[in-house]
Amino acid sequence: MSAPRDIPVGLSSSSVYPLTVVDTFAMARDLGYDGVEVMVTNNAVSRDPSRLRDLREHYQLPILSVHAPTLLLTQQVWGTAWTKVELSCAMAAEVGAPTVVVHPPFRWQSGYAEHFATGIRRIMADYGVTIAVENMYPWRVRGRDRRAYLPHWDPVPLEYEHVTWDFSHAACAGSNSVKSVRELGSRLRHVHLTDGSGAQNRDEHLLPGEGNQDPAAVLQYLAENDWDGSVIAEVATRKAKGAGEREQLLGDTLSFARRHLDRAGQPDPSSLAP
């Protein structure tokens, strides 16, 4: 019988906001993460493959994934929607990142939305990386759902080959993460480890275990089924106060992941505390 697969746990640069990509690498190494996810933003380093390779070598940490600038807040980064995806995949290939995370198209992105599924298949083939479409959630205005994404915010019933699952987005949508992950099966390629309560339609990005999505059960399921993707900590720490509080939050998230993935030969950081 073969040994269980080692599932890498990475740190997203969005988890250290408003700090930088450089801070992400330093913190990931100090806390014992297995790698990083780079979210492409207005920050110049996040868009510079040469600089990212230097950071990868300096800190001896792989770049596990690149998050394309397909958020509302990054609409001005790298031009048109297709350009964002292509440049993200080109950069991922340059820095050795196997996965690119993208959001589904907004309904007003005509041309992009209609051909999204076929377009990302072509780009994956061109650059040799995996594009994993992230689950989102309905926008609610005055108590009514608005159709913000095409063809839908939920990737589970759609034809995408690869999916990223985000627990905070699932909470906003009122989804059941355990059920959805089981339905996705081998299409699940990437996980954003966080949590949410679903309160007031807020994308909270709580620490795992602080919401209602049962990320512990999902991680255990993935470990039991020899899953071969990456788990990336994507939690909100921007309100951290005082020296060391952000590090404590990110260390707790890593400890949660390691505990529930039960990785052979990798000590839980909490067990090393004096």
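The model is predicted, and the structure holds one cavity of 30 Å³ or more. The space in the largest cavity comes to about 50 Å³.

Residues T70, Q75, A81 and K84 line the largest cavity, together with H103, P104, P105, F106, Q109 and Y112. Sorted by class, this lining is made up of five nonpolar residues, four polar residues and one charged residue. K84 is among the lining residues, and it is the charged one because Lys is counted in that class, whereas Phe, Tyr, Pro and Ala are counted as nonpolar.

## Cysteines

The count of disulfides in the predicted model is zero, where a pair of cysteine sulfur atoms would have to lie within 2.5 Å to be included.

C89 has a relative accessible area of 0% and is therefore buried. C172, with a relative accessible area of 2%, is likewise buried, since the term applies to values under 20%.

## D54 in helix α2

Helix α2 spans residues 49-59 and includes D54. With a relative accessible area of 45%, D54 is partly exposed, because this value falls between the limits of 20% for buried and 50% for exposed residues.

D54 can also be placed relative to V95, which is 41 residues away along the chain, with a separation of 9.5 Å between the two C-alpha atoms.

Key. Residues numbered from 1 in each chain as written. Predicted model: local features only at pLDDT ≥ 70, side-chain atom pairs only at ≥ 80, totals over all residues. Heavy atoms only, no water. 1 Å grid on protein atoms, 1.4 Å probe; cavity = no way out; pocket = protein on both sides within 12 Å on 5 of 7 lines; lining within 4 Å. Points joined across faces, edges and corners; volume = space filled by probe spheres on them. Buried < 20%, exposed > 50% of the residue type's maximum accessible area, 1.4 Å probe, protein only. Helix = DSSP H or I, 4+ residues; strand = E, 2+ residues; numbered from the N terminus.
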